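Me: Can you walk me through this one? I'd like the chains, then the ligand sites, then some local detail.

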Amino acid sequence: MAFWTLFGLRKGSASTKWPKAVDDHGQQGVLGMPKVLDGVCAEGCEACIEACPTQAIGRKEGASQSGIFIDYGRCITCQRCVEVCPEPILQASDTWALGVRNRDELCWQAALQTPEATELGQRIQTRFRRSLHIRHVDAGSCGGCESELQALNNPFYNLHRLGIYFTASPRSADLLLVTGALTRSMLGPLRTTWEAMPEPRWVMAVGTCAVSGGIAEGGYTCGHGLDNEMPVDVYLPGCPPNPAAIIHALLLLVGRSSQHIHAGRLP
Amino acid sequence: MSGQIQIRNMLVDDLPTALNTLLATGGRMQMAYAWFCDGQPRVCYLAAPGAGQAFECWSVAVPSGGLPSLASIAPLLGWYEREIQDLVGIVFRNHPEPNPLVLERGEHTPPLLPGAKGVVMTTAPHALPEVEGEDIQELDFGPVRADVVESAQFRFFYIGERILRYQPRLFLKHRGMERRFQGLTTEAGVVVAERVSATASLAHALAYCQAIEDAAGCEPPPRALVWRCLLAELERIYNHLHYFGHLADATTLKVGQAQGRWLEEQTKQLLAHVCGSRLPMNLLTPGGLRRDLQLPDDFAGQLAALEKETRYYLDMLSDTSSYIDRLQATGVLSQQVAFDKGATGPIERASGLDRDLRRDHPYADYVMLAPEVALRDAGDALARAEVRVEELRHSFTLVERAVGRLKPGEVCSTCVPRPDSFGLGWAESPRGSLFYAIYLDQQTRLARVKIKSPSYSNWRVFPFTVHDSNMMDYAINEASFGLSVAGCDR
Ligand code: SF4
Ligand code: SF4
């Protein structure tokens with residue numbers, strides 16, 4: 001006979017104190033979104049633009065010294081651009097917590113700051129002093145985003161400690177968390193779930209598929225991102241975003257963390 | 001072109017005899033798919049004559065009236081035929097279940113039919129069996145289910161606690177991933193393969209790369225082969241640990257669930273240290289690895305600690321009578337049904353079918369690593385769990401062996417794809433056999449990629465363990481299969 005209660009007690013708490021304990025996020029070694037460093041491209045080189053499987057890279061006068069910019073809302077962190085770049089311009093980074101309130105913040109913009117987004121954050125913040133209830137809908141994922149979402153309830157991240165819960169019933173949910181490429185067959189159930197939620201309700205697109213279509217974009221059953229279907233309050237790219245990045249984005253929604261990326265510029 | 005696969009051009013009329021002979025001599029069918037050769041449709045039936053023998057691609061030209069269905073001889077072909085019907089528009093005559101499978105019902109243009117613009121097929125409406133009678137109740141569950149799970153819909157017909165009939169409705173997540181590859185370079189295709197079913201990202205990248213290497217006739221350097229196995233076994237470890245957390249949860253063993261999840265998390269964190277991503281992605285390329293990897297200094301220590309905790313955890317589980325009792329005699333899958341419907345991986349091995357691609361058709365470094373194959377014959381949820389217990393233990397041993405075989409050296413050799421070539425690659429993923437068949441065009445771009453995923457096989461089998469069972473056991477039975485929806489739907 002096994003004594004699970006004793007076992008559980010003896011194990012004690014494996015829980016991280018992150019984000020309070022700044023470095024204890026558990027993602028050491030994880031490669032994040034690539035960075036665009038200053039530098040001049042080799043004559044006529046478009047290697048990164050051609051290598052990117054999701055058309056995340058573009059060139060625009062002023063976006064960087066070379067003009068190269070990345071739409072992080074389209075990036076699946078495949079690191080191909082970093083590998084093909086012959087100059088030290090595209091570089092791997094450990095930046096992965098890229099939740100934003102405004103989709104434009106993920107892509108290079110000439111002007112910084114979007115004031116309405118800040119205001120929205122404050123409005124949500126006052127409402128969610130206590131707890132947040134989430135209804136998740138898989139609208140056509142590869143299973144990767146679910147694997148990392150399921151991790152949120154493991155003893156390490158222990159989402160409950162932050163007053164955040166997953167709920168089965170859309171009627172008791174504050175937040176609709178959507179993953180996947182938005183296949184045609186899942187649009188109906190997705191909308192029904194959203195409509196069943198009481199107002200005010202919030203929506204978060206998790207994973208590059210949900211943000212912009214991701215690797216499956218352009219497929220004969222797939223969409224181009226959640227904001228074509230419903231208003232979105234927080235966007236979190238990543239393929240898949242790791243559990244700490246998801247926590248960061250959830251806390252961003254309730255005004256308990258701050259955005260790391262502004263107008264497409266990584267910290 | 002390929003040493004491990006033989007192409008046999010066949011006439012349609014010879015198919016039934018060939019198939020009967022294959023089955024009578026202990027072989028089996030793996031899959032069937034359609035592709036276009038000089039604009040003409042052909043169907044390939046992938047036959048596996050047995051361990052150590054080359055796979056055979058039985059290739060037939062499709063006559064204008066379609067093909068006869070072979071599902072009555074080899075039932076597992078039924079789903080492949082229906083998928084071809086949906087995606088390419090080839091008709092299979094006398095199909096026992098002619099309904100559409102992967103596409104939304106109604107009018108559509110077959111998405112894998114070249115130049116199909118304007119061709120409109122009206123598929124039969126989605127048909128569910130009618131079950132009528134006094135006291136029979138009907139329950140639709142999903143596609144949005146409780147907690148964080150993948151989307152799929154299930155219909156139950158039941159009386160009281162007893163399930164009379166069970167019908168899953170899958171493919172709501174069908175993303176058309178096979179077509180997503182078309183037109184890409186062989187290197188770019190890896191990134192897509194990894195995201196077909198990300199909880200087996202490495203197995204997919206591996207099977208895909210091996211298919212390209214087969215077509216190109218190239219061989220990765222030894223260090224890359226060892227790394228591929230090492231990563232593949234770490235992927236199996238985190239998946240199997242996830243499985244036990246999930247199974248413990250289904251049997252309401254909360255501490256057991258938490259411990260399984262915690263061990264899974266530790267494995268993912270270890271993977272991040274080793275290769276930069278928690279789900280091993282962005283690592284493989286045709287010809288080897290994209291970059292050399294180094295084991296972290298304390299890798300051996302961390303692995304040993306994880307193995308020790310895992311052993312203790314598995315022992316605790318097998319000492320828990322409430323858990324064992326719920327698994328025993330639940331969801332029995334007979335060897336016959338497992339074979340006929342094409343069960344694979346831990347599921348078939350729990351029903352007495354002794355097959356494992358790592359041993360029977362070794363790839364990468366598995367000849368040297370010599371994996372043992374776990375086998376049970378009870379076919380119930382307990383047997384399925386026991387097979388995974390053993391596999392989990394073996395995987396640690398295989399990782400240790402691989403570490404010992406990791407010698408300094410190159411990690412990538414040149415792999416120049418040949419125009420108009422074909423290749424087949426496979427891997428034993430955590431959930432079972434995975435195949436990639438690839439065709440390159442004249443510019444050596446991907447022209448057709450067919451994926452046979454293990455969950456496609458096992459979802460086909462699963463309902464046969466649910467009909468005539470108890471509502472109470474359903475969640476445990478489903479957990480004991482450890483299925484992926486994304487892998488099935490693609
Ligand atoms: S890392 Fe991102 S930007 Fe770079 S090639 Fe991959 S998807 Fe494109
Ligand atoms: S964002 Fe990436 S991990 Fe998430 S569902 Fe899409 S392909 Fe999978």
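This is a predicted model: local features need pLDDT of at least 70, side-chain atom pairs count only at pLDDT 80 or more; totals for chains, interfaces and linings use all residues.

Me: Chain A to begin with. How many helices and strands?

Reply: Chain A has eight helices and nine strands. These are DSSP runs numbered from the N terminus, with helices being H or I of at least four residues and strands E of at least two.

Me: How much of chain A is buried?

Reply: Buried residues are 62% of its 267. Buried means under 20% relative accessible area, exposed over 50%, and partly exposed in between, with a 1.4 Å probe and protein chains only.

Me: Now chain B, what does that look like?

Reply: Chain B has 17 helices and 16 strands. The C-alpha trace of chain B spans about 65 × 65 × 40 Å along its principal axes, and 63% of its residues count as buried.

Me: Ligands next. Which residues come nearest to ligand 1?

Reply: A:C52, A:C75, A:C78, A:Q79 and A:C81, out of 13 around ligand 1. A residue is near a molecule or strand if one of its heavy atoms lies within 4 Å of it. The shell around ligand 1 has ten nonpolar residues, three polar and no charged. Ala, Val, Leu, Ile, Met, Phe, Trp, Tyr, Cys and Pro count as nonpolar, Asp, Glu, Lys and Arg as charged, and the others, Gly among them, as polar.

Me: Which chains surround ligand 2?

Reply: Chains A and B, so the site is shared between chains. Helix 5 (144-151) and helix 7 (208-212) of chain A are the elements that give two or more residues to the shell. Among the surrounding residues are A:C142, A:C145, A:C209, A:C239 and B:R195. The shell around ligand 2 splits into six nonpolar, five polar and one charged.

Me: What does the side chain of B:R195 join up with?

Reply: The side chain of B:N282, through a polar contact of 3.1 Å. A polar contact is a pair of N or O atoms within 3.5 Å; within protein, one must be able to donate a hydrogen and the other to accept it, and residues adjacent in sequence count only if both atoms are side-chain atoms.

Me: Where does B:N282 lie?

Reply: In the loop between helix 7 (254-275) and strand 12 (284-285) of chain B. B:N282 is buried, with a relative accessible area of 8%. Its side chain also reaches the backbone oxygen of A:T77 at 3.1 Å.

Me: Last one, helix 4 of chain B: mostly covered or exposed?

Reply: Mostly covered: eight of the nine residues in helix 4 (residues 186-194) are buried. B:V190, B:V191 and B:E194 are among the buried ones. The buried residues pack against several elements, including helix 3 (80-84) of chain A and helix 5 (201-216) of chain B, where contact means heavy atoms within 4.5 Å.

Methods:
Residues are numbered from 1 along each chain as its sequence is written. Chains are lettered from A and ligands numbered from 1 in the order in which they are written. Side-chain values use heavy atoms; hydrogens and water are left out.
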